[in-house]
Amino acid sequence: MQVIRVLFLCVHNSARSQMAEAFLRKHGGEAFLVESAGLEPGPLNPLAVKAMQEVGMDISGATARSVFELFPQGRMYDHVVTVCAEGEAQCPLFPGVVRRHHWPFDDPAALVGDEEQRMNAARRIRDAIETRVKEFVASLHDTPVA
């Protein structure tokens, strides 16, 4: 079985792409080699870390990476998925012959409101990302993902 190489991209690689990477590792297993990166890597978003911990996934040790590190290393991917919200001017591109996908999700760093409101929004983003990842895995394997 050939491993499917996937790269998730967003601006900071601090929340959305990290969550997508973790969910693909969980739901795709060994069939996928998955990485994530961003244009301007930043510290992990605490809302994303907490939202993932609530579903039993610890991304607190993840490191944000720059997309500019990957291409010069000769990294190639079968699928490149941007997870920036519609209208984000800085959503990165990755060169090469790949299947490109755009899954727009709001940025947890831009959430407003009190802590509970922001956490609820982060949960909705997390759940939407997991649903999209499951659909992606199922589309490539022709089987539903639990």
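Me: What should I know before we start?

Reply: This is a predicted model, in which local features need pLDDT of at least 70 and side-chain atom pairs count only at pLDDT 80 or more, while totals for chains, interfaces and linings use all residues. Residues are numbered from 1 along each chain as its sequence is written, and side-chain values use heavy atoms, leaving out hydrogens and water.

Me: Why is Cys10 called buried?

Reply: Buried means under 20% relative accessible area (exposed is over 50%, partly exposed in between, with a 1.4 Å probe and protein chains only). Cys10 has a relative accessible area of 2%, so Cys10 is buried.

Me: What makes strand 1 and strand 3 a pair?

Reply: Strands here are DSSP runs of E with at least two residues, and helices are runs of H or I with at least four, numbered from the N terminus. Two strands pair if DSSP finds at least two bridges between them. Strand 1 (residues 4-10) and strand 3 have four bridges, in the parallel sense, with Val81 as the bridge partner of Phe8. Strand 3 also pairs with strand 4 (residues 99-102) over four bridges, again in the parallel sense, and there Val81 stands opposite His101.

Me: Which way do the side chains of strand 3 point?

Reply: In a regular strand, side chains alternate between the two faces of the sheet. In strand 3 (residues 79-82), His79 and Val81 point one way and Val80 and Thr82 the other, and all are buried.

Me: How many aromatic pairs does a search of the whole structure find?

Reply: The search finds three aromatic pairs. In one of them, the rings of Phe8 and Trp103 have centres 5.8 Å apart and planes at 55 degrees, so the pair is tilted. The rule asks for rings of Phe, Tyr or Trp (its six-membered ring) with centres within 6.5 Å; planes under 30 degrees apart count as stacked, over 60 as edge-to-face and the rest as tilted. Phe8 lies in strand 1 and Trp103 in the loop between strand 4 and helix 4 (115-141), so this pair ties together parts that are 95 residues apart in sequence. Both Phe8 and Trp103 are buried.

Me: Is Glu21 buried or exposed?

Reply: Glu21 has a relative accessible area of 12%, so Glu21 is buried. Glu21 sits in helix 1 and, leaving aside residues up to four places away in sequence, touches Phe8, Val34, Glu35 and Ser36, where contact means heavy atoms within 4.5 Å.
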